[in-house]
Amino acid sequence: MSSSSSSSAAVVAEGSAARRFWIAASTREAAFAAYTPFLLSLAAGNLRLDSFRHYIAQDAHFLHAFARAYEMAEECADDDDDRATIAALRNAILQELKLHASVLQEWGVDPAKEIPPSPATTKYTDFLLATAAGKVDGAKGSDKMVTPFEKTKIAAYTVGAMTPCMRLYAYLGKELSVFLKQDENHPFKKWINTYASSDFEDNAFQIEELLDKLSVSLTGEELEIIGKLYQQAMRLEVEFFCSQLVDQPVVAPLSRYCNPEYKLLIFSDFDLTCTVVDSSAILAEIAILSHQKASQSGTDNTLDRTKSTDLRHSWNMLSKQYMEEYDQCMEKLLPSEEATSLDFDQLYKGLEVLAEFEKLANSRVVDSGVLRGVDIEDIRKAGERLILQDGCRNFFQKIGKTRESLNLDVHILSYCWCAELIRSAFSSVGGLDGLNIHSNEFAFEGSVSTGEINRKMESPIDKVEMFKSIKSNTDSTAPLLSVYIGDSVGDLLCLLEADIGIVVGSSTTLRRVGKHFGVSFVPLFPGLVDKQRQITEQEASVFKARSGVLYTVSSWSEIHAFVLGYDFS
């Protein structure tokens, strides 16, 4: 998504409770809300009116409960200014209900009477009204709150459960307003403008300020209760959007788009795509420490007695040389003029230069002896402790649980020197089941590395050839749809060969090289809205390999939301 999630959070003062709660929730839940079939179709302007009518009816049920919760919170507040703020916010909700009524009158129907609340709507409204009544885990009921101070806690809890809805709608309004500029006759312009308006932003800001004010006198335990209420409300809001009836073709989640017409192949790089730190530095550090331990014990005669400081110096020199020559290599492979459209063949030839460089760099590492003497158990322990990118763990865990039912295969393509490190990293998070790992491997004598690498994947060329081989050898009666997730120039060929290429991170080198060869980088959400506009009942696939367009994301939560949809567990 765009940076508006961070800018929305910034409307509240630094260090405020409301801001902390939003930042914690927006990283995941805001993406899951935006990528629902309902909001993608609404943004694209092709949501069927029956679906929007159903949503308006459900939202009316919710808004009536919201207004009632404001009433109950106002009764619990002990400050005149707080009561005035709550009353003003309640009036804004009543105005919102009038908007809904005006939309429905245009169609000559009253769906609130025709359509009962859905289970998701009821679940949300019951939670909200129970909170306003003081029925909160870890807190006393409002009937037992005899002092004004104690009743103020219930007001704080209620506002804490209502704030995320206001902030999420303000966030979504800003996200969707960009699509109004692309279509002056957007059918849902009135709805989007309501939540993108400065008036609604002011209301969101107002309730966040109120939450901060009511939280000042609370204990740490009571603030924790509000934080849990905030998170629960956000989850219920996402479930509310997920539950909206959308009986039409949609591009997301991809699992719905593919099933049962396609078999989905998911490919991912490992280093700095899944991980926070590059694995080569980790493996080198393990090797250096192994030499240090052996020298101190004086018991292992199979190890070179080179001092660990000398090994570290060698590794630092190798790393410095790699970075300097890598930059030179990038300059060498760039064409003199930027291509106006994708020139895949020239890119392939250019990356052959990088392939030779990567092979030479690996040979220098092997010749240095730095990787000699590493015990496989130390590698496994390091893999288990490896920190993955936020959201990556949840994605692969969900893949492991649903892979067979969704008819998909998952492959990791990596330059990592030791596949055992990758296996351990995914095994530790419960995401190894059904995962196919294609990488290099240390050579071992017994359980100790020899310093040699069994080289299977060293370059962009190796990666893309493996990618194509896997696709051609996949046994499936259904046509294939492929997704590749990567972060660097080494992934560029695979990203383009995939039907859907997704870029994680913000590598300027990747973007610079891609741009020179005619590659466009588009944020995933607006890219999907564009695809949603193109989709028809008869369309074989709106996603095509070598389109020249790659999609960028700010987190793995976006990838999860797009590929798998919301995880209700």
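These are my notebook entries on what I looked up in this predicted model.

**Entry 1: salt bridges**

I began with charged side chains, since side chains of opposite charge can pair when their charged atoms come close. The structure holds 26 salt bridges, and I followed several of them.

I looked up K174 and E201, whose side chains meet in a salt bridge with an N to O distance of 3.8 Å. This pair links distant parts of the chain, for K174 belongs to helix α8 (residues 148–182) and E201 to helix α10 (residues 198–215), 27 residues apart. I noted that K174 is partly exposed, with a relative accessible area of 33%, whereas E201 has 14% and is buried, because buried means under 20%.

I then turned to K263 and D409, which form a salt bridge at 3.5 Å, N to O.

My next pair was D530 and R533, whose side chains meet in a salt bridge of 3.8 Å, N to O. Both lie in helix α22 (residues 524–534), and because they are three residues apart there, about one helical turn separates them. D530 is partly exposed at a relative accessible area of 35%, and R533 also counts as partly exposed, at 33%.

I also recorded a network of salt bridges that links E377, R380, E420, R423 and E441.

The buried residues of α18 are A419, E420, L421, I422, S424, A425 and F426. After α18 comes G430, and I noted that its phi is positive, near 75 degrees.

For helix α14 (residues 308–333) I checked the length against expectation: its 26 residues, at 1.5 Å a residue, should span 38 Å, and the C-alpha atoms at its ends are 37 Å apart, which agrees. Which residues of α14 are buried? I listed S308, L311, W315, L318, Y326, C329, M330 and L333.

**Entry 2: backbone angles in loops**

I looked here for exceptions, because most residues other than glycine have a negative phi, and most peptide bonds are trans.

N407 is not a glycine, yet its phi is positive, near 55 degrees. I placed N407 in the loop between α17 and β3, and at 29% relative accessibility it counts as partly exposed.

R546 likewise has a positive phi, about 55 degrees, although it is not a glycine. R546 has its place in the loop between α22 and β10 (549–553), where it is partly exposed at 38% relative accessibility.

Which two residues does a cis peptide bond join? I found A252 and P253, with omega at about 0 degrees, and P253 lies in the loop between α11 (220–242) and α12 (254–258).

**Entry 3: rings and charges**

I came back to R546 for its side chain, and saw that its charged end sits over the ring of F344, 3.7 Å from the centre of that ring. A second case is R511, whose charged end sits over the ring of F521, 5.5 Å from the ring centre. As for rings with one another, I noted that the structure holds 37 aromatic pairs.

**Entry 4: the surface, and a contact across the chain**

On the surface I found a nonpolar patch formed by V276, V277 and I387, which together have about 270 Å² of accessible area. I387 lies in the loop between α16 (376–385) and α17 (392–406), and with a relative accessible area of 58% it counts as exposed, because the cut-off for exposed is over 50%.

Last, I looked up G45, which is placed in the loop between α3 (37–44) and α4 (49–76) and counts as partly exposed at 21% relative accessibility. How far apart are the C-alpha atoms of G45 and V529? I noted a separation of 9.0 Å, although the two residues are 484 residues apart along the chain.

Terms used
Residues are numbered from 1 along each chain as its sequence is written. This is a predicted model: local features need pLDDT of at least 70, side-chain atom pairs count only at pLDDT 80 or more; totals for chains, interfaces and linings use all residues. Side-chain values use heavy atoms; hydrogens and water are left out. Patches are made of residues with over 30% relative accessible area and no salt bridge: like charges are joined within 9 Å, nonpolar side chains (Val, Leu, Ile, Met, Phe, Trp, Tyr) within 5 Å. Accessible areas come from the Shrake-Rupley method with a 1.4 Å probe; for residues, only the protein chains shown count as cover. A salt bridge is a side-chain nitrogen of Lys or Arg within 4 Å of a carboxyl oxygen of Asp or Glu. Helices (H or I, at least four residues) and strands (E, at least two) are DSSP runs, numbered from the N terminus. Buried means under 20% relative accessible area, exposed over 50%, partly exposed in between (1.4 Å probe, protein chains only). Rings of Phe, Tyr and Trp (its six-membered ring) pair if their centres lie within 6.5 Å; planes under 30 degrees apart count as stacked, over 60 as edge-to-face and the rest as tilted. A charge sits over a ring if NZ of Lys or CZ of Arg is within 6 Å of the ring centre and within 35 degrees of the ring normal. The expected span of a helix is 1.5 Å times one less than its number of residues.
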